[in-house]
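This report describes selected features of one protein chain. The sequence and the structure are shown first, and the description follows.

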Amino acid sequence: MNPLTYMRFKDALKEIGNMGSGKASAALSRLTGKTVMLDAPNIHITSLARITRYISAPKKLIVGIFSPVDDHISGAMITAMPVESAVNLSNLVSKKKNKVLKTKDKETLLKIGQLLIKSYLQEMAHFLKLKVRHSRPKLISAFGSSIPGLMASNIKNKEVILLKIRFNIPTTEIKGDFILLLGTDNLDNLVSAIKDKLK
Amino acid sequence: MSQISLVVIPNKDYMNKVIRISRQYAAAYSSICYVNMNRTLDSLTTKLQYANIDLQKFMFVDTITRPTNPHFVELPNSIYLDDASSLTHLSAAINKTLSQGAKALIFDSISTLFIYNEIRHVSVFAQNLIGSLRKSGKSAIFTMIEDETKQDVLTGLSRYFDKVIQLKPTPNLAAIPVFFIISYLAAILALYFFDIHWNFYPGGQLFPPEKHVFEDRSIYLWGGAIGAFIGTIFLKII
């Protein structure tokens with residue numbers, strides 16, 4: 001890919017990320033009754049070994065709602081939050097004041113995750129006219145630095161496209177990342193879908 | 001004799017310290033049960049192998065690989081759980097591994113349990129596990145992640161352990177000479193610009209500069225050294 005095409009591709013992907021996360025944040029906003037703020041999307045095309053540097057809290061424990069993605073594009077999506085944010089989000093939605101994630105809270109977070117991942121991917125798939133499926137999300141807790149490793153098991157090649165968008169809900173101390181990780185074997189499908197859209 | 005310790009590890013150095021603990025245990029014991037709750041087993045075993053630690057000595061109880069990778073290849077003598085939240089399942093898996101001949105335990109980490117369980121439940125879990133380790137004369141290290149550790153939790157748990165060790169982050173001394181050189185060069189450059197700045201005014205000659213502020217050139221030596229010292233401290237802080 002020449003540099004100009006690469007820049008255009010990144011810009012287009014940023015826009016698609018914006019649309020997906022916009023839809024997901026609207027869903028989160030409806031669910032919580034609060035405004036959800038989004039940062040500008042970050043796109044990195046890099047090797048799997050180097051993506052830890054783009055993760056927001058590599059040295060902290062995080063809770064993630066994780067789902068593999070496949071069909072026209074394949075990879076994985078995760079909504080990752082620091083532990084306190086996950087507890088706060090669950091409390092906000094279920095109107096509780098728990099200090100830990102109990103079974104019900106895990107179910108609540110999984111439902112939220114399902115909704116966010118579905119909204120994000122649906123918007124992206126609809127816009128690009130691609131078929132994208134995702135599996136039932138799983139709730140995981142891990143070190144932030146191990147997120148790439150978790151997601152990598154669903155990716156075939158060592159070069160990846162990382163699309164990350166930070167979100168936060170002001171006044172609630174809830175913040176996190178929507179992260180979509182795709183193998184670069186998806187580049188052809190994405191580029192041709194974007195080209196079709198721009199025609 | 002069984003020695004059961006709780007080690008509080010700074011987040012920054014967590015993985016390095018855990019690898020160091022694993023190396024010490026691998027040198028001391030023929031078989032170790034490793035409870036892995038914070039990264040995929042694949043990633044952990046790669047790091048252990050990279051550190052030349054004999055993997056054959058380890059029996060893993062893993063809570064993270066199964067939910068994230070449906071196609072994972074099971075390691076022999078390892079137990080894979082669906083998640084880290086069930087203390088009952090975790091306890092059963094650890095006891096099974098210990099009964100299969102593990103001589104020691106590395107529990108990485110107890111902080112993860114606090115995501116899903118109340119302090120009192122984790123305390124009971126730790127108390128029972130430590131009780132059974134003592135009965136069978138096995139040694140163990142339980143790790144905690146410093147930033148995720150509240151003082152009251154640490155105080156509550158510490159009574160079950162023989163020793164509580166709070167590790168300090170390893171200072172990155174290798175960076176200091178680099179910071180010093182960068183700061184020294186920056187200080188010299190700043191001094192030079194100040195030294196010749198009169199030549200930037202109309203009528204001044206820049207190449208070569210004809211007017212100098214400093215008559216004594218030794219300022220480059222001691223001024224540079226002071227600048228390097230201040231710059232190194234500044235860079236180290238940020």
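B:Phe229 is located in helix H9 of chain B. The model discussed here is predicted. With a relative accessible area of 54%, B:Phe229 is exposed, because that value passes the cut-off of over 50%.

B:Phe229 is also part of a nonpolar patch on the surface, which it forms with B:Phe180, B:Trp222, B:Ile226, B:Ile230, B:Ile233, B:Phe234, B:Ile237 and B:Ile238. Together these residues have about 1,000 Å² of accessible area. Helix H9, covering residues 219-237 of chain B, gives the most to this nonpolar patch, namely seven residues.

## Overall form of chain B

Chain B contains nine helices and seven strands. Its C-alpha trace spans about 90 × 40 × 30 Å along the principal axes. The radius of gyration of chain B is 27 Å, whereas a compact globule of 238 residues would have a value near 18 Å.

Of the 238 residues in chain B, 47% count as buried. The accessible surface of the chain amounts to about 12,700 Å², and carbon and sulfur atoms account for 61% of that surface. When contacts in chain B between residues at least 6 apart in sequence are considered, 72% of them join residues at least 24 apart.

B:Asp13 belongs to the loop of chain B that runs between strand S1 (4-9) and helix H1 (14-28). B:Asp13 is buried, yet no salt bridge is found for this residue. Which side chain of opposite charge is nearest to B:Asp13? That side chain is B:Lys17, at 4.0 Å.

Leaving aside residues up to four places away in sequence, B:Asp13 touches B:Lys168, B:Pro169 and B:Thr170.

Another loop of chain B, between helix H3 (65-68) and strand S4 (79-80), holds B:Asn69. Is B:Asn69 buried or exposed? B:Asn69 counts as buried, because its relative accessibility is 15% and the cut-off for burial is under 20%.

B:Asn69 and B:Thr40 are separated by 29 residues in sequence, and their C-alpha atoms lie 8.9 Å apart in space.

Definitions and conventions:
Residues numbered from 1 in each chain as written. Chains lettered and ligands numbered in written order. Predicted model: local features only at pLDDT ≥ 70, side-chain atom pairs only at ≥ 80, totals over all residues. Heavy atoms only, no water. Helix = DSSP H or I, 4+ residues; strand = E, 2+ residues; numbered from the N terminus. Buried < 20%, exposed > 50% of the residue type's maximum accessible area, 1.4 Å probe, protein only. Lys, Arg positive; Asp, Glu negative; His and termini not counted. Contact = heavy atoms within 4.5 Å. Patch = residues over 30% accessible without salt bridge, like charges linked within 9 Å, V, L, I, M, F, W, Y side chains within 5 Å. Areas by Shrake-Rupley, 256 points an atom, 1.4 Å probe, with all protein chains shown as cover. Rg over C-alpha atoms; globule rule 2.2 N^0.38 Å.
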